[in-house]
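Please look at the structure below before reading on. The paragraphs after it go through selected parts of the model.

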Amino acid sequence: MTAKQPVLEVHNIGLTVGSKTILEDCSLTLCPGELKVLIGPSGAGKSTFLQCINFLQMPDTGHIILEGKTIDQKNKAALCTYRTKVGMIFQDFKLFDHLNALDNVAIALRKVRGMTKNAAKERALQELARVNLSEQTTLYPAQLSGGQKQRVAFARALAMDPIILLLDEPTSALDPELVGEVLTVIRDLASHGMTMIMATHQMDFIRSISTEIIFMEKGRIVEQGAPESLLNDAVQSRTKQFYQSLSSL
Amino acid sequence: METFTSLFAGALKTMHVVLDALPSIVSGSVVTLGIVFGALTIGLVIGLFFALLHVYGAPWQRLLVSLYVWFFRGFPILVLLFLGYGCFAAMGLPMHPFLIATIVLGLTSCAYQSQIFRGAILSLRGGQMQAARALGMRDSQAIFSIIIPQALRLSIPGWTNEYSILLKDSAICFVLGTQDIMAKTAFAAARTHEHLALYAAAGVLYFFLTLVIVKLLNRVEQAFHIPGYTSSSGEQNL
Amino acid sequence: MDIDVAFFQNDLLPALNRGLWVSLALIIPASTIGFVCGIILGCARTFGSRFVKKLGDAFTALVRGVPLAIQLLFIYYALPKLGIYFEPYGAALTAFIICTSAYQSEYVRGALLSIRRGQILAAKALGFTPMKTILFIIIPQAARRALPGCGNEIIYLIKYSSLAYLVTCMELMGEGKVVASDTFRFMEVFLVVGLYYLAMVTLATLLLNAIERKSHIPGFRAR
């Protein structure tokens with residue numbers, strides 16, 4: 001088999017809260033090195049879908065296969081291991097407020113990977129250097145700018161050596177002038193072959209970097225395909241309509 | 001002139017009595033502080049546990065904690081002290097006043113401290129728990145290395161307050177026969193009939209003990225201060 | 001443990017019901033008079049001259065720093081030395097009023113200080129006189145902010161009214177203690193005494209919550 005084996009398969013995820021259907025029958029597969037982009041109006045369920053993929057929200061239906069193994073969502077230990085392999089970047093960073101940049105990266109290395117204090121520190125310094133934050137290692141979250149916080153969050157996630165990274169609108173909480181530094185990190189990751197799923201509204205970015213666009217609306221995946229085919233001048237797709245409404249802003 | 005002399009003599013005598021009784025009263029502060037810090041420790045350990053149950057526990061566990069808090073917040077300390085006395089007697093435990101007082105105040109403080117910690121946990125910025133889970137931490141790991149360190153920091157002001165409340169409550173324990181500041185003062189006052197001066201002296205001592213420890217705890221708060229770290233009670237995302 | 005119904009019916013409950021009236025006669029006047037004094041003291045500590053502020057702060061710090069038990073015994077046993085005599089009831093009531101007003105003034109002051117400058121500027125800009133600003137802008141906001149704290153203070157007072165027993169005022173606690181000492185049934189007696197207090201506290205809490213809900217304004221944080 002020379003064709004790429006999918007590293008992650010997400011099958012028929014559904015989630016209902018009360019009487020409201022949040023997600024319905026959402027599936028996707030991800031091959032190594034791919035960057036799939038989730039777009040769609042707010043409230044479409046992109047964030048929830050990403051959280052379900054990481055089991056931060058437990059889906060009601062569906063199953064997930066990572067590297068050929070189906071994940072048992074009842075097995076808590078398996079979930080923890082799974083989550084170390086599938087990293088997550090949040091819209092609002094969610095840095096640990098009581099720890100400085102270095103310890104934010106190091107704490108999971110120590111507590112989850114069981115590394116020694118020194119080894120964790122060394123690794124954390126490496127990761128922070130990779131996102132250009134060698135100068136800010138002793139600063140606390142409240143002392144960092146939004147872009148710096150998000151880069152610490154990247155270092156924190158990458159330190160776990162994830163196979164896949166989930167990005168939930170990583171730039172939408174940032175001031176416009178800070179978006180660039182975070183996009184640089186993502187571009188750098190993509191060029192090094194990191195497999196990613198990203199919810200975003202950065203259109204120019206979507207077009208230039210994604211391997212596939214997934215368009216969601218009302219909790220369902222409406223369209224998916226390569227950016228060229230969906231955003232082609234000739235076609236009339238829902239994706240294109242939405243894309244144009246974004247560009248006209 | 002004569003009245004002045006007698007007034008002066010009276011004041012001298014009063015001063016003499018107070019100075020005589022002072023060593024005994026001050027020695028009572030060892031017992032007072034013993035009760036207070038014993039109770040604070042009991043309240044800290046059980047209160048933290050209760051707070052975690054209240055926030056992360058199953059519905060029946062929350063109900064149980066709520067009932068506990070309701071009970072201990074509704075009963076006056078004085079009643080609880082006598083009730084504790086009765087319980088000790090009924091169960092045939094040693095009737096040691098210091099022990100009873102410390103346990104009763106500790107269990108009461110536990111109700112209040114659990115509310116302090118619960119408030120602190122709920123006021124943590126949203127998503128701390130979620131971020132920890134996303135890194136593969138088990139819930140217990142997340143609670144111990146992410147939630148508790150933050151909650152404890154945020155609880156220090158509430159804790160300072162709890163200390164001064166307990167110190168004042170401890171002044172009631174003498175009804176059981178503890179040898180604390182209050183008991184020694186009451187004893188000296190009954191013996192010498194110098195109530196005014198002696199109770200004033202005891203009041204000053206309590207005031208001083210409040211001030212010193214509150215200053216100390218404020219120092220502790222400063223020492224654990226993290227730049228720009230304040231709680232935000234806006235989002236509550238557990 | 002057998003429950004001795006006769007003991008409860010004939011001895012305990014009549015005594016406690018008698019004590020309950022004394023307790024209420026302590027709590028109700030002490031909380032209302034104390035509250036009014038607390039408002040006056042709180043305003044004085046916020047808006048008064050430097051001297052008045054200093055004096056008010058010192059008084060409050062003193063009352064809050066010294067245990068209520070000491071204040072009570074001081075008033076009952078020590079003041080007669082200065083020629084001021086109190087009945088047990090009068091001594092307890094006086095101590096509770098002093099104590100409550102000091103604590104309440106703290107909440108009133110905090111609420112007044114929490115009003116943002118912009119609110120007063122906005123009122124000025126609309127042509128409100130200072131009096132009207134206080135009546136229609138400051139008080140409605142400050143009252144809502146002070147409500148939780150002041151309510152809590154009343155609940156504390158209900159419980160600490162039991163300290164009147166220390167100066168031999170025969171209220172709920174005192175009556176209970178007599179029965180307990182006579183019969184040596186500490187557990188039953190004080191459990192029931194406690195339930196009386198618990199009922200009063202719960203009732204007051206429900207009432208205060210209802211008031212708080214009634215006066216709630218969306219987005220207006222209590223603290």
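The model is predicted. In chain A, six strands form an open sheet in the order S6-S7-S8-S3-S9-S10, with mixed pairing. S6 and strand S10 (220-225) are its edge strands, each pairing on one side only. On average, and with direction ignored, neighbouring strands of this sheet are turned by 20° against each other. Helix H5 (residues 146-158) of chain A packs on the sheet and touches S6 and S7 of chain A. The direction of H5 makes about 170° with that of S6(A).

Strand S7 (residues 164-168) of chain A can be followed in more detail. Strands of a sheet pair through backbone hydrogen bonds, in either the parallel or the antiparallel sense. Strand S6 (residues 86-89) of chain A pairs with S7(A) in the parallel sense, over 4 bridges. Within this pairing, Ile89(A) has Leu167(A) as its bridge partner in S7(A). S7(A) also runs parallel to strand S8 (residues 195-199) of chain A, to which 5 bridges join it. Here Leu165(A) has Met196(A) as its bridge partner in S8(A).

The contact with chain A takes 21 residues from chain B and 23 residues from chain A. On the chain B side, helix H5 (128-134) and helix H6 (139-170) are the elements that give two or more residues. The largest share, 6 residues, comes from H6(B). By class, this side of chain B divides into 9 nonpolar, 8 polar and 4 charged residues.

The contact between chain B and chain C takes 25 residues from chain B and 28 residues from chain C. Helix H3 (77-91), helix H7 (181-192) and helix H8 (195-223) of chain B each supply at least two residues of the side that touches chain C. H3(B) gives the largest share of that side, 9 residues. The residues of this side are 19 nonpolar, 5 polar and 1 charged.

One residue of chain B gives a local example. Leu53(B) is found in helix H1 (residues 2-56) of chain B. With 17 other C-beta atoms within 10 Å, Leu53(B) is partly exposed. Leaving aside neighbours within four places in sequence, Leu53(B) is in contact with Gln61(B) and Val65(B). Val65(B) is 12 residues from Leu53(B) in sequence and 7.5 Å from it in space, C-alpha to C-alpha.

Helix H6 (residues 130-160) and helix H8 (residues 186-214) of chain C pack with their axes 10 Å apart, at an angle of about 165°. H6(C) and H8(C) are therefore roughly antiparallel to each other, and their crossing is right-handed. Residues of H6(C) in this contact include Leu147(C), Gly151(C) and Ile155(C), and those of H8(C) include Met200(C), Ala204(C) and Leu208(C). The residues of the contact divide into 11 nonpolar, 2 polar and 2 charged.

How values were computed
Residues numbered from 1 in each chain as written. Chains lettered and ligands numbered in written order. Predicted model: local features only at pLDDT ≥ 70, side-chain atom pairs only at ≥ 80, totals over all residues. Axes fitted to C-alpha atoms, helices over the stretch in contact; angles between N-to-C directions. Parallel < 35°, antiparallel > 145°, perpendicular 65-115°, else oblique. Left-handed = near helix turned anticlockwise from the far one by under 90°. Contact = placed C-beta atoms within 7 Å. Nonpolar A, V, L, I, M, F, W, Y, C, P; charged D, E, K, R; others polar. Pairing = 2+ DSSP bridges. Buried ≥ 20, exposed ≤ 12 C-beta atoms within 10 Å, placed from the backbone.
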